[in-house]
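Reader: I would like to go through this model and ask, for each label, what it rests on. Please set the values against the cut-offs as we go.

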Amino acid sequence: MNDQPGRTTELPRKGAGVYEKRCWKTAHSKRSAIVSPVCYSRSCSSCSPPPVLRRTPAPSRTGASNRPPASSPTAAHTASRCALKAPLQATPLPDDGAGSSFPKALPSAYDANEQAAVFSGEDWFETAGPPGLAGADAFTVEVLFNPGRTYRTAHGTTGMLVSQYATAGGRGGWYLGTRDNQLRFGLSRPNGVLVEVSSAFAGSGIAPNADYYAAAVFRSGRLTFHLQNLTAGEALQTVEATGLPDRWPDPDVPLKIGSFDSDPSAFRWQGWVDEVRLSDAALEPGVLLAPSPAWPHRPVVDGLYLPALGCEAPAILVPRDKRVPFGWPSFSLSPAGQPGSARLTWPAMDLPPGDDIRLRLTLALDVQETNRIEVRLATSGTVLGTVDFIRSTVIQIDELRLTRDQAAQVLDEGLELVRTVGVNPLRLFAPTPSPKATPAVLQPHLLVAGADTDPWDQFFQRFRGLDLLQNFGWMEGCVLDGLYDLAQAFPGDTFGHTLVRHLDQYLVGPNLIVESSTSTVNDNALYGVQATLPFAVIGRVRPDHPSLDLATEFWWDRSQVNALPGLVDEGAGATTEPNYTVAYPMLVIARQRGDLALEHLGMDQYRIRRPAVVDDEGDIWRGYRHDTGVRTFENWARGVAWYYLGLMRGLVEIRDRDDLDDLHAEALRVMEFVLRYQQPDGLWRNFLHDDTHTVDTSGSAGIAAALALGYGLGLYPEAAREGALRARDGLRAHLTPDGLLAHAAPGNRSGDGASTRRVIYPPGMGMAAQLIAALEQPTFTAWRRQHFTAAEQADPEVSGPLASPALDGVPNLLKYALDLPPRVPVSGPVLLLASGRDAAGRLELRYDRLRGAHDVAFVLESSLDLKNWQPDRAFPVASRTELLSDRLERVHLIPSPVGDPGANRFFRLRLESLATRGTIRRGQPRTKSAAGRPRTPNAPRLRRGVEVAKRVECAALERRFS
């Protein structure tokens, strides 16, 4: 049962909600107990019958997370007095990230250690204290924990891991917790006076978002602290402290995990706790839980990457108002001209095959100045080159190409990094021997690749982990959109899982844990209009998260203060970014919530912004100042991408509306505009019209994604898809061997976006992923090609949207929308509009459709008399979309509660094709600008064909609304 000395009570996990009790068994003269924050145990046949067990709901608490845990018991174990005092989330130990370095097997546990408890700061765990410890002169308490992202290292921060203490009545007790990024232990004297001691571990002590083992070993007034960073694979650190009472107290109060004292709100823990073990002996390192051979940490070579193993750097603290993202380890470089270089070392190994070798460094804090780092061999001092970070955003990667001989010397000698330009704080992500904290691509590493490496395969691989995490805002929003779209296009892959892992880095319980674009702490706040793009995905994946209210309140507030009434933007004018970062996520959330006012505000963003950033000749300017009338950055590729991609993604969301003619006309105009400037390699120059500039891959990816979305929406001809395909093929030449998108215009600080410098740019990868996913969308045109010959495709009586070649009365358009073959007759109801009630008792309508078919729209209509039908647009809210298969999904709609609740109300679905709403009239004359560039007049050039807005009434179902 136990390979440790002592009698043991163990509460191992077996499955959520299973409670049993294991009695004490005597093995030696000492005893220990492993206490799981989620209670599990098993009955013992050699002892008395197990106690009667009861499960009762835990009381709710104000401020606790409103998202129910996926698999966590909330119960009171009345027989053994263990209770969860608020909903406590139990989670399986993941493969990487927080909790992944906790041992899957404990040396003293007879069951696998498969779960940990996640404390939100509003919950704790309580059980009866272990018996027989009063007056002991030796004791050991051990904990496996992770302080999470919300952990602070500022003075005064205290979190309680485990305690048995009561102030009332002078009973006293003991506790083990953290304070000022060190361990803190308290033990009371017989009179109840508490004596406290603190550890003083070298280095940074306890860092955010890392897995730790901690122990406090008590021996007659002396205390030994043990701490091991499991994530970083560090050795067990040991510190001694003295001055404690000689004997263990007997507080006769419950044992608490995650809280302290009789008032459980005191110093609540926020983060992970895996196991707590209490032993009535002073355990030696050989029998502690931490240095177990069951979970060694060794340097890991991850695919193409050779991460550095060690780092020696100046001890410079992170500025108090700033934060390194995700709690990842980092190191500093001294200001230029001051002593204090950093040294990187690699494990002893042979250099793998491959001639494409690059040294990579990644920025851990935003910088607002030019920084240059000279890279030298550590022993010989030979200068290999320089790495520059010029007004770079956090998580910017820069690289230095090396020869094989140079790389071999790096592995042998290590590197010295000397800052030669720059004086303000500069931090880089540090080596992490275990890749479970910082992704290998973001640690200091050597990339070693051969000619047979497939960049597109590696591109997708980067989306299967946390390699592309970015600052929360438009940069992370691009990646989230790419992940979401890839998950929809390739549901059998792991992109959906990665998407959730990305969101978990920012959504911690009910909180939004983020830094601003300048790395300042910005939790539960938004720093500007660029920060709201991620809420498009949050609205889809976690529609009940409280942070969504931050976004909607921010939008409404900003819409009241701009010089252009109703516009949500920065300052006194307009920029192109908010088409993507504001209007589009607005429309997503409006549809999720059935908020018609927010939907109109979203559409207004496009209409108000257009005359500000589009001039009379049709050029698109990144910025416009209302007070001066000055426009800046004409046809800047990334500015065009924001304007265009935001418009197209918004039109996808509201494609069922019939009042979008002006927006469709603008979408068609921009399509023709960008195709005119597409280069032979399929990409677009940094300024579309300026042939003195080279291409920008990030802007090109966004423009091409918009083209592909417009084609999938049915608005564009085949030329748009061909342009998107050429851009996709052109991007390949600028992928690094490990799939990162290079040759992108840098961030536009101080006008840097206009420079000829090019950088690696993960947000561009997010837009490239949107492009790839959009090209995978089903379309009615592709469906016709699949099922009909060329001659049949030319005959609308056979392959047209209203034709029925199976003679079953079901038109082709409906069969396409339901993923049915056109020539197979169907009988009975084809499209069933079923009804039921949601959890709130509201009427809920359900129907199935082809996933990703954006060129058709199902419009819910309602009527009181079966004669006059109106679109039910005041709600309906797509409360959720349920995945039925790789190709089909089920949509749940809640119609609006209008009219007399006692009257009959009827509903039907109308299927509408968007593919023939308008086409560009060819042969329109164009004007010439002063520079001789072709211009497109602002007036939309559309003609409506005979099939414009063809409608097919697919199903009708009578329902009485109450």
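Reader: What is the strand order in the open sheet of four strands, and what is its pairing?

Author: The model is predicted. The order is β18-β28-β22-β25, and the pairing is antiparallel.

Reader: What makes β18 and β25 edge strands?

Author: Each of the two, β18 and β25 (397-402), has a single partner strand, so one side of each is left without a neighbour in the sheet. From one strand to the next, the twist averages 25°.

Reader: Why is Leu 361 called buried?

Author: Buried means under 20% relative accessible area. Leu 361 has 1%, so it is buried. This residue lies in strand β22 (residues 356-362).

Reader: What is Leu 361 in contact with, leaving aside its neighbours within four places in sequence?

Author: Its contacts include Leu 344, Val 387, Phe 389, Leu 417, Leu 428 and Pro 444. Gln 396, Ile 397 and Asp 398 are also in contact with Leu 361.

Reader: Why is helix α2 described as largely enclosed by the rest of the structure?

Author: Six of the eight residues of α2 (residues 455-462) are buried, so the helix is largely enclosed. The buried ones are Pro 455, Trp 456, Gln 458, Phe 459, Phe 460 and Arg 462. Their cover includes β18 (305-307), α3 (474-489), α4 (495-504), α12 (718-731) and α13 (762-775).

Reader: What is found at the start of α2?

Author: A side-chain oxygen of Asp 454 comes to within 3.1 Å of the backbone nitrogen of Trp 456. The cut-off for a polar contact is 3.5 Å between N or O atoms.

Reader: Why does Arg 542 count as buried?

Author: Its relative accessibility is 12%, so it counts as buried; the limit is under 20%. Arg 542 is placed in the loop between α5 (535-541) and α6 (547-558).

Reader: What makes the pair of Arg 542 and Asp 504 a polar contact?

Author: The two side chains make this contact at 2.5 Å. The distance condition is that N or O atoms lie within 3.5 Å.

Reader: How do you know that strand β36 is mostly covered?

Author: Eight of the eight residues of β36 (residues 856-863) are buried. One side carries Val 856, Phe 858, Leu 860 and Ser 862, and the other Ala 857, Val 859, Glu 861 and Ser 863; both faces are covered. In a regular strand, side chains alternate between the two faces of the sheet.

Reader: Which strands does β36 pair with?

Author: β36 is joined to β40 (residues 904-913) by eight bridges, and the two run antiparallel. Phe 858 has Leu 911 as its bridge partner in β40. With β37 (residues 870-871), β36 has two bridges, again antiparallel. Two strands pair if there are at least two bridges between them, so two bridges are enough. Glu 861 has Pro 871 as its bridge partner in β37.

Reader: What lies between β36 and β37?

Author: The two strands form a hairpin, with six residues between them. In the turn, Leu 866 has a positive phi of about 65°.

Reader: What makes β31 and β33 edge strands in the sheet of three?

Author: The order is β31-β32-β33, with antiparallel pairing. β31 (573-575) and β33 (631-634) each have a single partner strand, so one side of each has no neighbour in the sheet. Neighbouring strands here are turned by 5° against each other on average, direction ignored. β32 (residues 621-625) is joined to β33 by three bridges, and Tyr 624 has Arg 631 as its bridge partner in β33.

Key
Residues numbered from 1 in each chain as written. Predicted model: local features only at pLDDT ≥ 70, side-chain atom pairs only at ≥ 80, totals over all residues. Heavy atoms only, no water. Axes fitted to C-alpha atoms, helices over the stretch in contact; angles between N-to-C directions. Buried < 20%, exposed > 50% of the residue type's maximum accessible area, 1.4 Å probe, protein only. Contact = heavy atoms within 4.5 Å. Polar contact = N/O pair within 3.5 Å; in protein donor to acceptor, adjacent residues only side chain to side chain.
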